[in-house]
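Take a look at the model below. The text that follows walks through it, a few places at a time.

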Amino acid sequence: MSDKNNSDGYKVITDNRQARYLYQILETYEAGIQLAGTEVKSIRAGKVNLQDGYALLRNGEAWLINAHISPYTSSGQYFNHEPRRTRKLLLHRQELRKLIGKVEQQGLTLIPLKMYLKRGWVKVSIGLCKGKKIHDKREDLKRRQDQRDIQRALKRY
């Protein structure tokens with residue numbers, strides 16, 4: 001989990017790097033997320049894991065499922081939240097229509113890529129993804145290794 005501040009006023013809370021390895025990302029969307037107060041405090045503290053999370057489209061709404069936001073430790077257990085509860089994603093209606101068509105027709109998946117703060121609001125970047133095959137993963141690893149070798153060679157000279 002990183003606390004990087006971008007020049008645009010974004011503060012990245014967590015990044016799902018595993019998603020870039022497992023999936024080919026076709027498009028990305030920025031979505032708001034409906035949260036409880038203790039969830040926002042935990043997110044600001046960086047206690048989020050998007051690794052196993054995914055998004056589903058049900059009844060014309062988007063839902064973030066299986067994303068883990070740890071309970072806030074400074075408050076009592078009575079007012080705390082469920083760590084893996086289903087959370088509603090807030091998208092524009094035309095974006096939802098577009099996503100519903102692509103997910104149902106092309107068999108694509110919605111994966112949370114990163115969670116960040118933008119002007120004080122918690123946002124989630126979700127990607128419209130297609131699963132990679134094993135040979136695609138190997139190809140990516142080979143390409144990345146070649147790039148590293150080229151950079152090392154250029155550094156020497």
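N66 is partly exposed, because its relative accessible area is 26%, and partly exposed covers the range between under 20% for buried and over 50% for exposed. This is a predicted model. N66 is found in the loop between β5, residues 61-65, and β6. Its backbone deserves a look. N66 has a positive phi of about 70°, although it is not a glycine.

R119 also has a positive phi. The value there is about 50°, and R119 is not a glycine either. Find R119 in the loop between β8 (109-118) and β9 (121-131). Is R119 buried or exposed? R119 has a relative accessible area of 73%, so it counts as exposed; the cut-off for that word is over 50%.

Now go back to β6. This strand spans 68-69, and β7 spans 87-90. S70 lies in the loop between the two. S70 is partly exposed, because its relative accessible area is 22% and the limit for buried is under 20%. Which residues does S70 touch, leaving aside those up to four places away in sequence? They are S42, K47 and H81. S70 and G37 are 33 residues apart in sequence. In space, their C-alpha atoms are 13 Å apart.

Helix α2 covers residues 37-44, and V40 lies in it. V40 is partly exposed, because its relative accessible area is 25%, which is not under the 20% that buried requires. Pair V40 with D15 for another distance. The two are 25 residues apart in sequence. From C-alpha to C-alpha, V40 and D15 are 17 Å apart in space.

The largest nonpolar core has 24 residues. Which of them touch the most other members? They are I33, I43, V48, L89, L91, M115 and I126. β2 (23-33), β5, α3 (93-106), β8 and β9 each supply at least two of its residues. β9 gives the most, with four residues.

Finish at L89, one of those core residues that touch the most other members. Again, residues up to four places away in sequence are not counted. L89 touches A31, G32 and I33, among others. Its contacts also include A55, and then A62, W63 and L64. V124 and I126 are on the list as well. I33 and I126 are themselves named among the core residues touching the most other members.

Technical notes. Residues numbered from 1 in each chain as written. Predicted model: local features only at pLDDT ≥ 70, side-chain atom pairs only at ≥ 80, totals over all residues. Heavy atoms only, no water. Buried < 20%, exposed > 50% of the residue type's maximum accessible area, 1.4 Å probe, protein only. Contact = heavy atoms within 4.5 Å. Core = buried A, V, L, I, M, F, W, Y, C linked by side-chain atoms within 4.5 Å.
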